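User: Please take me through the strand pairing and the surface charge of this model, with the cut-offs stated as you go.

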Amino acid sequence: MVLRKFVIAVACLLLISTGQAQLFGAGAEDAASKKLIKLLSKELDADRSEFALEKLDDHCFQSEFIEDVSKVYRDQKASGFVVSAKGKGRHDLFSYLIYFNEDREVELVKVTSYYSDHGGEIASKRWLEQFVGYDGGDLDYGDEVQAISGATLSAGSIVIGIREITILLQDCNL
């Protein structure tokens, strides 16, 4: 029994010292991470087993939009970052995620929940594709971003969020 506890303790120390515990341990197995990996694998047309997440708790991610930031590993190699964020429509909050490549350019934007009766057009894959390649330059609703009739508040919110989050991620030393 003592030997078993000793072996487990040594194994845990080895995992922690190599960084593997946080990357492939309990954090990657929680329900939110599994859901995120499922969504990424579907949107990026890849197998779930290729992905792993490392939650980042960095002070440079202070924003009213950001809920969670994770480093994404694909086939055990860093491949980018995924940010879970929230925005505000006329009456309700909505959730979305942004997947950035290693160069911190937007690769994917996906609205994951939208409850309001108006403005749901912002979840359109076609409308969201205009953000792919964005790397922190000008991004104004109605100018660089196509306006949507009936979704002015929610579309404006997601545009501001994408711009702010991209700039924060560019400025972070990760």
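User: Which residue of β4 is the bridge partner of S84?

Analyst: This is a predicted model, in which local features need pLDDT of at least 70, side-chain atom pairs count only at pLDDT 80 or more, and totals for chains, interfaces and linings use all residues. Residues are numbered from 1 along each chain as its sequence is written, and side-chain values use heavy atoms, with hydrogens and water left out. Strands here are DSSP runs of E with at least two residues, helices are runs of H or I with at least four, and both are numbered from the N terminus, while two strands pair if DSSP finds at least two bridges between them. β3 and β4 (residues 93–101) are antiparallel over nine bridges, and within β4 the partner of S84 is L97.

User: What is the phi of D75 in the turn between β2 and β3?

Analyst: β2 (residues 66–74) and β3 (residues 77–88) run antiparallel and are joined by eight bridges, with V72 partnered by G80 in β3. Their hairpin has two residues between the strands, and D75 in the turn has a positive phi of about 55 degrees.

User: Is D138 buried or exposed?

Analyst: D138 lies in the loop between α5 (125–128) and α6 (152–171). Buried means under 20% relative accessible area, exposed over 50%, and partly exposed in between, with a 1.4 Å probe and protein chains only. With a relative accessible area of 57%, D138 is therefore exposed.
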